[in-house]
Amino acid sequence: MTTVTAAVAREYRATLTLEQLELDEIRDDEVRVRMVATGVCHTDAVVRDGGAPTPLPAVLGHEGTGVVEQVGKAITTVSPGDHVVLAAAYCGTCRQCRAGRMAYCENLFAQDFGGQRTDGSTALSAPDGTPIASHFFGQSSFSTYANVVESSLVRVDSSVPPEVLAPLGCGVNTGAGAVLNELRPPAGSSFAVTGAGAVGLAAVMAARVAGCTTIIAVDLHDSRLELAREIGATHTINSRSMDMADELSAITGGEGVNYILDTTGIPSVVSSAAGALSIRGTLAVVGAAAPGTTAAIDIGVPSLVKGWTFKTIVQGSSVPQVFIPTMVELWKQGRFPLDKLVKTYKLDDINTAFNDSESGATVKPVVIF
Ligand SMILES: NC(=O)c1ccc[n+]([C@@H]2O[C@H](COP(=O)([O-])OP(=O)(O)OC[C@H]3O[C@@H](n4cnc5c(N)ncnc54)[C@H](O)[C@@H]3O)[C@@H](O)[C@H]2O)c1
Ligand SMILES: [Zn+2]
Ligand SMILES: [Zn+2]
């Protein structure tokens, strides 16, 4: 047993509490990671508020980065001293995993939201012995140390600052991967993102890397839209004061947008984005919405004859062990300025980090341990 300091989600919609917990010994297929930093993702807030099947009390957090301290007997891909980014876990043996589509792992809910090992045990407990859900996204990174599953581990260059590495685990992977792995816009395409948070702004950076020549960011906060311009957007729309569909049409000379990525999960935004596509355009949704949420889509003849595509995307369709090092390299070359999105916090201030993300004051909060 090792005593750790962790931020615990005890009740839905309540602030996290900092507690001393007991972390059990690593299993043969686990790795002990000393956490150096962790991002806070909107999905942590969704789960804290009861929007996913993870049982509470739980230690959330799924954008960890740190140093390997100890490896289980069956571990072959990392060694003590390695610097790692922690990404979403996957089973590795289902048909989707075998085909390199681990973002769509058939066991995704058990692997990432179950709050326990696959044998039903948890790695964390309160001093009185009460179990605390662990292994959130294979890691539960809101803790000074964690027992992490091997599929979550991505070895990275130790010279890169932790506040740059942490967001690569989920939010930045999701936005950038959606563009570079899934949508793959050809150079010269038009691209728009609805919602310019961490996911949306990562998509903006990736659209520039891909060679999109019209890059449009849509949000309600001018500060986020200014940042979008700084990192590669050619146009911005504040949809609080402007009509998004009219603006998208005007910017593209009436042609419509080739690729639109929705990070809001808001039905009215998705409906209007669908109507703003070009002929053969693609609309992809990554924003999380409550179960049962529906969006109206115009399937009438004028829409039909456009031959357009709708899809959802998980974790940027990426193979984390391939795509995260790619993003690190792009950052080192100055082509992926994700540090501009980050503000750092102490673990004591983790609830402020959540609040600042929700209010729009901070795009990507990163807790430094
Ligand atoms: N599919 C996946 O694999 C995956 C992975 C990570 C995160 N997510 C989800 O992606 C979404 C985005 O995550 P994030 O961290 O960037 O969140 P965020 O809250 O930082 O960003 C969302 C942005 O949308 C903007 N917005 C809200 N309503 C809007 C509207 N009507 N019009 C335009 N913009 C609007 C907000 O101002 C905010 O800037 C979340 O729902 C998150 O849960 C999905
Ligand atoms: Zn799988
Ligand atoms: Zn996330």
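Mentor: Start with the ligand. The shell around ligand 1 divides into 13 nonpolar, 11 polar and two charged residues. The model is predicted: local features need pLDDT of at least 70, side-chain atom pairs count only at pLDDT 80 or more, and totals for chains, interfaces and linings use all residues. Residues are numbered from 1 along each chain as its sequence is written, chains are lettered from A and ligands numbered from 1 in the order in which they are written, and side-chain values use heavy atoms, without hydrogens and water.

Trainee: What makes a shell residue nonpolar, polar or charged?

Mentor: Residue type. Ala, Val, Leu, Ile, Met, Phe, Trp, Tyr, Cys and Pro count as nonpolar; Asp, Glu, Lys and Arg as charged; the others, Gly among them, as polar.

Trainee: Which residues surrounding ligand 1 are the closest?

Mentor: V199, D219, R224, A288 and Q315, out of 26 that surround ligand 1. To be near, a residue needs a heavy atom within 4 Å of the molecule.

Trainee: What makes D219 a polar contact of ligand 1?

Mentor: The cut-off is a pair of N or O atoms within 3.5 Å; within protein, one must be able to donate a hydrogen and the other to accept it, and residues adjacent in sequence count only if both atoms are side-chain atoms. An N or O atom in the D219 side chain is 2.6 Å from an oxygen atom of ligand 1, so the pair qualifies. Backbone atoms contribute too: an N or O atom of A288 lies 2.9 Å from a ligand 1 oxygen, and one of V286 lies 3.1 Å from a ligand 1 nitrogen.

Trainee: How much of ligand 1 does the protein cover?

Mentor: 86% of the 860 Å² of accessible area that ligand 1 has on its own. The areas come from the Shrake-Rupley method with a 1.4 Å probe; for residues, only the protein chains shown count as cover.

Trainee: Why is S317 called buried?

Mentor: Buried means under 20% relative accessible area, exposed over 50%, partly exposed in between (1.4 Å probe, protein chains only). S317 has 18%, so S317 is buried. Its side chain makes a polar contact of 2.6 Å with that of Y104. S317 lies in the loop between β15 (309–312) and α11. Helices (H or I, at least four residues) and strands (E, at least two) are DSSP runs, numbered from the N terminus.

Trainee: How do you know that S141 is buried?

Mentor: Its relative accessible area is 0%, so S141 passes. S141 sits in the loop between β7 (131–132) and β8 (145–149). Its side chain is joined to that of T38 by a polar contact of 2.8 Å. A polar atom of that S141 side chain also lies 3.2 Å from the backbone nitrogen of H62.

Trainee: Where is I260, and is I260 buried or exposed?

Mentor: I260 is in strand β13. At 0% relative accessibility, I260 counts as buried.

Trainee: What makes a nonpolar core?

Mentor: Buried Ala, Val, Leu, Ile, Met, Phe, Trp, Tyr and Cys residues, joined through side-chain atoms within 4.5 Å. The largest has 51 residues, of which L168, F191 and L261 touch the most other members. Helix α6 gives the most, with nine residues. A second, separate core of 32 residues includes A7, V40, A52 and V59.
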